[in-house]
Amino acid sequence: MDTKTKLISTAEQLFDRHGFTATGMDKLIKAAGMSSRTLYKHAGSKTALITEVLKERHRRFQPHIEVGSVDALFDALEEWIRSESARGCLFLRAYGETGGDIPAITEAVLAHKARLYDKIQDIVAIETDGQAIPELAEQILILYEGATAAAIYRGPKAVVSAHKAASALLKQARS
């Protein structure tokens, strides 16, 4: 693994586990096993590192939502939570911890969330024989995001419940 990849991977693990604010550069240096000079050479700044971590997280998460049904979408979320953790959405946590005041981080968060919403709109159209139903897509997005948050304390069963609710909404839209 090259130095930058190692740094981003280590930072993602620490940010996910401890948060962005609580993870100082000293902690990152120690965990990555590199000097501060090497860290700053590859990261530039903490903001740049957070942005790179979010871009990498997006790259890893994206294939999980490249599905064609609500069932597959929620199944993928359940799998993600089981394999990655149930600590809530790293993107929303980054946004919350920075207050939306750091443009590079805000841009990464909003781009990720826009892609998720676009994909849900595509899935709704597939599931409803080509109908564009923005309100239904919004409801499914809220269920998806809510399940991600509730999984922190309820575990994967939060995703199962949200999945059932999304399926009921789809069934109603098809009627």
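The model is predicted, so local features need pLDDT of at least 70 and side-chain atom pairs count only at pLDDT 80 or more, while totals for chains, interfaces and linings use all residues. Residues are numbered from 1 along each chain as its sequence is written, and side-chain values use heavy atoms, with hydrogens and water left out.

I140 also belongs to the largest nonpolar core, which has 27 residues; V70, L73, F74, I120, I140 and Y144 have the most contacts inside it. A nonpolar core is a set of buried Ala, Val, Leu, Ile, Met, Phe, Trp, Tyr and Cys residues joined through side-chain atoms within 4.5 Å, with buried meaning under 20% relative accessible area (1.4 Å probe, protein chains only). Two or more residues each come from α4 (46-65), α5 (70-84), α7 (103-127), α8 (134-154) and α9 (157-174), helices being DSSP runs of H or I, at least four residues, numbered from the N terminus. Helix α8 gives the largest share, 8 residues. A second, separate core has 24 residues, including L14, A32, I50 and V53.

Now turn to α1 (residues 3-18) and α2 (residues 25-32), which pack at about 125° with axes 10 Å apart; axes are lines fitted to C-alpha atoms over the stretch in contact, and angles run from 0 to 180 degrees between N-to-C directions. Which residues of α1 meet α2? They are K6, L7, T10, A11, L14, F15 and H18, facing K27, L28, A31 and A32 in α2.

How values were computed
Buried means under 20% relative accessible area, exposed over 50%, partly exposed in between (1.4 Å probe, protein chains only). Contact means heavy atoms within 4.5 Å.
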